[in-house]
Amino acid sequence: MESDRSGFERFRGRPGLARIRTPDAAIRGLLNGAAEPEDLYEAAGRVRPLASKPQDPADLDRALARWSPGKGDLALGRAFKGLLDSSDQETALHAAESMSVMEVRYAKAIDTARKNNNQYMQAILYSELAELTGVRETLGIFYLRQAFEALVVLSDRKALNCDSLKLAVKLQLLMGRTKTAIQLAQKALKSYPNDPGLLEALADLKFQVRDYEGLRAVVRRLEEVGALDMGRLSQAARRWL
Amino acid sequence: MGIRKARPWIMTAELVAAAATAFAWNALSASAPGFPGLAFLPYWLPAVVFASFYGPWIAYASIGLSLLAIAGLSILTAGDFSAFPIHELVSPSAALVLAAISALGFGSIARKDGFASLLQRYRAAYKDKLRLGRTLEAVKIVNAYYEKELLSAQDALPLLHEHLRGLNTRSVSELASGLLALANRFASLRSGAVYRYDERADQLELVARYGDSPAPASRPLEGSVEGWAFRNASRFTLRQVLEDPYLAKMDDGRVVLALPLGPAEHSWGVFVALDMPFVAYTESNERALSAILELARPYLERAVRFERLARESDFDAHSGIPSYGQFSALLADAFSRETPFSLILCQIDNLRSMIQELGPAAERACVSSLSSVFSGTDAAIELCQYKRSDQIAILIPGLREDGVSRMSLEALAALQSQPPVIADREVRLDLRIGFASRRAADQSSEDMTGRAELLIEMQA
């Protein structure tokens, strides 16, 4: 019997009772005395990246159940997009339906943001849609335009804050307008001279156009504001000091 | 104040409340004070409860307090304690005896492991559950974070293994494209290209590209950073441009990284990173990219080897022209397109004797002379080996029956008037020519080759 085996031995052989599928269920089971710590380790060990093939439709469905738009989480959308070309028709259909569900959620979120007069959230949602669809596709370009127009409304209202300026720089970059992105970043830095996010964005732009002196100046500025204490940015920036 | 510290106060309050209940009961039962009949219950029940939780002595204290409350009431009402039927309290009253025995009994239960320890265990379990619940809430939050990170990971190690397995292809261009996609995922490459060294042109030729950055179709070995990386089998990194004026001169602002591909002693080509985010341009990322290319090296060597073998089997080793297998494929393709074309078969009867006399180079020389004779036309001819080593097939697109017969006669005349020179000797080719053009009635290409072969047989 399964209960006779202790520890991880329970997972050898055929499972008697239904196995706990997710770490979240294992934690709830632990709380109610219906699971052991080994169930949590086993469930956690089975979590795989969504991009890992072959993709388990049940894993994707679970992820879709927990997903909501506007959080910058594009991995699930990309996973479904990758399955659209599957040779198995059922898988491709399932992926298409799931993408449709995501689009509906985006539409609802955009509608809510519009009703709440939240242009920033609208811009975020449209930019995510553009990245998911592909910024070179016709629909992607449309979404980018919508995102840009939402930020223009904010600008007219003089309500652009640091985050919305960073988003504006990102949109320019997605549209392929590097020079405009640089101008916008430099203008934003006049209002927020110490923001590490803006400085990092400008450093990336200077790196792209190979403006080494400009890049070094930005990196020095990053060091002054204490943004180079640790992390990946620190590693990249110190190469230029 | 904690529960533990407040317990004595709670107990005292409970005792006072029990006494107050007895006081109130007596006040309401002025006609029958004390313990007559069922009136003893307000005194007995609290005592039993106290005995269960706190032991027999507290139960007696509860009975004592209740008695004091009753006595107090008699003083308040009658003005005199002696008016209180005290004898009823002290006489062997069944109710009082029952209360005393119950207190003892229930107190004994409270002392033993049964009830009190059950309560203790219950309290401990409840506390543990509260504590566990708080801990698991924290675990839940941490789990949610790491699960999200893992689910959306694009560069986890298992993914690297999957992508490396995907490089197991026989096509060099497919492998190169796969390598660029891998670099995009694991080294944040936005644009890149793979070049291979072309020995004949002595330059680097583009095999595959990725992303939006421009990648020229070829790069010279001298004067380009790609060529420098290939010639020196060394890594080029953008940062070197600021330190090395020689590299700075070669740099055209496109290349971020250039890494040689293949073994150090014999580089096959160059992997070029054209665009990556600023935060990805780190030494550790460069090392990661080098490690990925090193892991992909066996797959690249296999694909290159396979490509070479395929090319060799496509060409006849002696004559240097496409093999019979290639000819069959070309013929089938031409036939399927349903456009007019013609076929000429040449059989060189004295080829073997020429090779014996003049050496293996004679074969190539013969093919070369045939090729030059037929290449004189405007048609894009395909010269291939036919079934036997002394047979050559020529495919001429767009040529019909009358054109092919004229071309064959002109070729024969040209070869006779200007015989080929092999090893400084004029050589007469003992040539038989058969030809055929595509007809509407032809069911397959064999119908055409059959007609051409028949013509050759007829000249024997």
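Is the crossing of H8(A) and H10(A) left-handed or right-handed? The crossing is left-handed, a label used when the near helix is turned anticlockwise from the far one by less than a right angle, with right-handed kept for clockwise. Before we look further, a word on the model: it is predicted, local features need pLDDT of at least 70, side-chain atom pairs count only at pLDDT 80 or more, and totals for chains, interfaces and linings use all residues. Residues are numbered from 1 along each chain as its sequence is written, while chains are lettered from A and ligands numbered from 1 in the order in which they are written.

Let us start with chain A. Chain A has 12 helices and 0 strands; here helices (H or I, at least four residues) and strands (E, at least two) are DSSP runs, numbered from the N terminus. Among contacts in chain A between residues at least 6 apart in sequence, 41% join residues at least 24 apart.

Now back to our pair of helices. Two packed helices are described by the angle between their axes and the distance between the axes. Helix H8 (residues 162–174) and helix H10 (residues 196–208) of chain A pack at about 15°, with their axes 10 Å apart. Those axes are lines fitted to C-alpha atoms, for helices over the stretch in contact, and angles run from 0 to 180 degrees between N-to-C directions. H8(A) brings A:Cys162, A:Leu165, A:Lys166 and A:Val169 to the contact, and H10(A) brings A:Gly197, A:Leu198 and A:Ala201.

Chain B holds a sheet. Its 6 strands form an open sheet in the order S3-S2-S1-S6-S5-S4, with antiparallel pairing; two strands pair if DSSP finds at least two bridges between them. The edge strands, each pairing on one side only, are S3 (218–220) and S4 (236–237) of chain B. Helix H9 (residues 225–232) of chain B packs on this sheet, and its direction makes about 35° with that of S5(B). Helix H12 (residues 283–314) of chain B also packs there, touching S4, S5 and S6 of chain B.

Strand S6 (residues 269–275) of chain B is joined to S1 (residues 191–198) of chain B by 6 bridges, and S5(B) and S6(B) pair over 5 bridges. B:Phe271 in S6(B) is the bridge partner of B:Val194, and B:Leu259 stands opposite B:Phe271 as well. Because 6 of its 7 residues are buried, S6(B) is largely enclosed by the rest of the structure.

Finally, how do the chains meet? 26 residues of chain B are in contact with 26 residues of chain A. On the side of chain B that touches chain A, the largest share, 9 residues, comes from H6(B).

Key. Two residues are in contact if their C-beta atoms, placed from the backbone, lie within 7 Å. A residue is buried if 20 or more other C-beta atoms lie within 10 Å of its own, exposed if 12 or fewer, and partly exposed in between; C-beta atoms are placed from the backbone.
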